[in-house]
Amino acid sequence: MGFIRSAVLSFLALAGVCESLVTGTPEVETAVEKRASSYWYENIAHQGVAPFAPSGYSVYRNVKDYGAIGDGVHDDTAAINNAILSGGRCGRLCTSSTLTPAIVYFPAGTYLISSPIIDQYYTNLIGDPTNVPTIKATAGFSGIALIDGDTYYGDNNPNIPNWITTNVFYRQVRNFVLDMTSIPAGNAINGIHWPTAQATSLQNIVIQMSTASGTQHVGLFIENGSAGFLTDLTFNGGSIGAKVGNQQYTMRNLVFNNCVTAIVSGFTWEWVYQGISINNCQLGIDITAAESITLVDSSISGTPVGIRTSFSTSESPPTANSLILENVSLVNVPVAVQSTSGGTILAGGTTTIAAWGQGHEYTPTGPKTFQGAFTPNSRPSSLVSGGKYYTRSKPQYQTLAVSQFKSVRTAGATGNGVTDDTTALQNIINSATSAGQVVYFDAGIYRITKTLSIPPGAKLVGEEYPIIMSSGSFFNDINNPKPVVQVGTAGQTGQVEWSDMIVSTQGTQAGAVLIEWNLATSGTPSGMWDVHTRIGGFRGSNLQVAQCPVTAGSSTPNTACIGAYMSMHITPSASNLYMENNWLWSADHDIDDSSNTQITIYSGRGLYIESTAGTFWLVGTAVEHHVMYQYQLANTQNIYMGVIQTETPYYQPNPPAPAPFTVVTSLNDPNFAVSCAGQTGRCAEAWGLRIISSKNILVYAAGLYSFFINNEPNETCDAALGAENCQNNILSLEGTLSNINIYNEGTVGVLNMITQNGATIAKSSDNVNAFADIIALFQLASGSGGSTPPPVSTTSTKATTLFTSTTKTSSTPPSATGWKFLGCYSDNTADRTLANAVQVPGGASAMTIELCESACKSAGYAIAGLEYSGECLMFLNYLGCDNSFKNGGASATDGNAQCTMTCSGAPQETCGGPNRLDVYTLATATGSSPPPVSTGWNFRGCYTDSVSARALTAEGVPNGPASMTVEVCQATCKGLGYTLAGLEYADECYCGNSIANGNTIAPDGNAQCNIACAGNAGETCGGPNRLDIYSFGQSNGTTPL
């Protein structure tokens, strides 16, 4: 889930967040009579419970019960926000919580709003699918978006939203029309603001935007997160249909009509667009800031340019803008792929692109830089319907009458998290399935003590995310594992549909297999939509901070925190299952802890598929933090995967895999003692993806990540453009394999991207990108069973027309009068060194040093920076300006070596490079000069610090953090009677009389105390987890305090 070490705000945030923002709406305690509807969910008895919520809490809320009218005349903003927020929910300044889930239901109608609908944590917003409600903005609408998924309140930092975007889980919005057409075309506005993470979705939404000339409307705005899935969205009009940036995403069945630009991709580590339709736009997809994109089974029509890219065979980083196109239909599209300079890379017309790409390829040897056509995947017929991969959206059963649904609480289950609901649940599942009825799980936590069996023919649907939670000794025998939920038995045939639920465990459950799928299906595939596993990290699990704290200082596993044997097992007898938006998560942190504190839970195995017949679709799935592997495929076939995403347990290699479990050969468990023999480094760590003796495994994007070593928060083993050594290996190919093909594999923190039978065939150092390292195309030789040593890198070109970008050795650069060149500075996409975006006349293609300096000066900034020829902040029409350096930005350690790219508007000048800024200042900006001191104060050096173990006590300063200087902090501490003052991360002041919690002088000296003070760019105020410390009445020196 990218928790903690996520990419922070990208160019999208800085370009879009500066629009006018609003805060939460006050609660309004009004109510009106509920109106009848034919939709079953509106009519069913709403008796869901939240066992840990305040007394009288209601999970279900109909907006009309809170005063919304829905007549398109009255302003319903306050009533809707009251319906969402009432009951003590997790809103502003709440970190995260599972205690107060909510379904907010909109009957048919037109709901007029004048400011955003604030979507709170753990909330599903659902409209009537039989008569989809419209949310219509007034002409005077004020705010970032009609629906705001994570509000920028500005409580701590105006550029950081309320929740950590990589920690916004378990939420849905579906069945709406969003009407923005009353908002003037020139107003910058978004339909949905949706920076989210795993187990989230948008479905069945139409966004209507202005089509007037100069429109600034944007349909979907995502600037950050670690998601995610969305489907069945239509964008009509607007400047941009979807303006998106996130670690990874699967977006399916999106339609763009008459947008100026259909999609603008910001930072995108791995991304799959499946079944996209772009019609009558000016530009299809702008990928100039993307790391990798896969476009499959899609169409573009009536659009002059299909895709715009900044890719070059000589670019740096070498795999930026990796792109794969497969089965893309063009109708009246003159240019299929265009360079940022306007040159045609791939001609269009009316044709179908079978397969075309750019980036690095291994076929199977490599890396080779390629740009051109390649042989597309050979698709097994069982995976295909109508010439495309089979897909099916989550059923909502809107044609069924309420009488066709049977509530588990009506049948006697309690959902209170305490009572044993096993018998009641099994009885209603059996009886409803026999009668051809749908089993409706009201919201709640359903504790079971024996396996819950799902027979063929069953249909199960949850309200919000009801939890089936195993408990007791039945599931606690590590030598005799038992399924918590078992779908069919070996040899059974039939179909099952299951949606919107979570399977979990309570306490030690060393033998729990959360989901076991045995069912063989013919005809229409079985389906599992928005069904997740969650092991620990929430109230009621008994696997939280109190029980399972991080044990970084001990190598002995806490066996009381063995939370599961396996998340999901698809057995040899199973076949024909469609999985969409499933997250199998062994918790790395406690969602219900106010600090999101990390925890250590041991879950043996992630998703294991060993089906003989195969035929599975894994659409937008993720598996995280299991001990031995996240995905393992053995002796199976015919599987579509994309995006798949993984994370290694944060505590590894302490203990190393497979501890505290042992290898079970009958399950094809990896034997790390054998595979790691003779290897140095960090080998005995969980596999992200392991494929054994299988065929027809087609991966359309994979994000395989390793972020930590032994939970160390300051570890740099996953640094962008730096060391990638959190672990040795992440993807293993073993045995005899055929038709194993991978598009856009991205890895983080990993030395070796692909190994085959123990031999390394692809290294991350050969495939560097801005953050995740990317291989665009991997095709394994048919019948491969051996291993091949990695060859020397080569370059191949297949494109009809190529463009090149020029690099040159830096020399003394020109500058406008009064400006001084400071040098080449580091930058990264996660934490920008210069945070403010200012447009230059003529845009990126006109970029020169002088234009940049002039634009920054006119905007009131004293520091100007240029990056990547014409780019700053990842958006080509912008440059970076500020009055101080942010986020640890400092002079590049390699000098000017990487500031070598020529300016777009002046080839004789240099404009930075990849993650490098050529920086100029009107005044001397510092990050390394000796710090100033007030009378009586003396500088003691750069000290370590930690958010969980502070060296000093935080104190506020007059006029707030933005005014922070060394002198202001010193005066504050002295006034409070302290003799030590410390400054950290530009705008934080800490005071004390002694250094606490074992913090001491930083081992790297002053190197990381390099951030300029928020109130004075000429001073330094520490760095990330680093304090500039001063003492009053003591002499200068570095003797530890």
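The following questions and answers concern the predicted model shown above.

In this predicted model, residues are numbered from 1 along each chain as its sequence is written, and side-chain values use heavy atoms, with hydrogens and water left out. Local features need a pLDDT of at least 70 and side-chain atom pairs count only at pLDDT 80 or more, while totals for chains, interfaces and linings use all residues.

Reader: What pLDDT does the chain average?
Author: The pLDDT is the predictor's confidence in each residue, from 0 to 100. Of the residues, 88% score at least 70. The chain average is a pLDDT of 88.

Reader: Over which residues does pLDDT stay under 50, with 113 contacts in the model?
Author: A contact means heavy atoms within 4.5 Å. Where pLDDT is low, the predicted coordinates should not be read in detail. The 113 contacts, counted beyond four places in sequence, belong to residues 3-34.

Reader: Which residue of strand 34 stands opposite Gln-486?
Author: Strands are DSSP runs (E, at least two residues) and helices are DSSP runs (H or I, at least four), numbered from the N terminus; two strands pair if DSSP finds at least two bridges between them. Strand 32 (residues 482-487) is joined in parallel to strand 29 (residues 452-454) by three bridges, with Ser-453 opposite Gln-486. Five bridges join strand 32 to strand 34 (residues 512-517), also in parallel. There, the residue opposite Gln-486 is Glu-516.

Reader: How many residues of strand 51 are buried?
Author: Buried means under 20% relative accessible area, exposed over 50%, and partly exposed in between (1.4 Å probe, protein chains only). Strand 51 (residues 773-779) pairs with strand 48 (residues 738-748) in the antiparallel sense over six bridges, and two bridges join strand 51 in parallel to strand 21 (residues 344-362). Strand 51 is largely enclosed by the rest of the structure, because its buried residues number seven of the seven.
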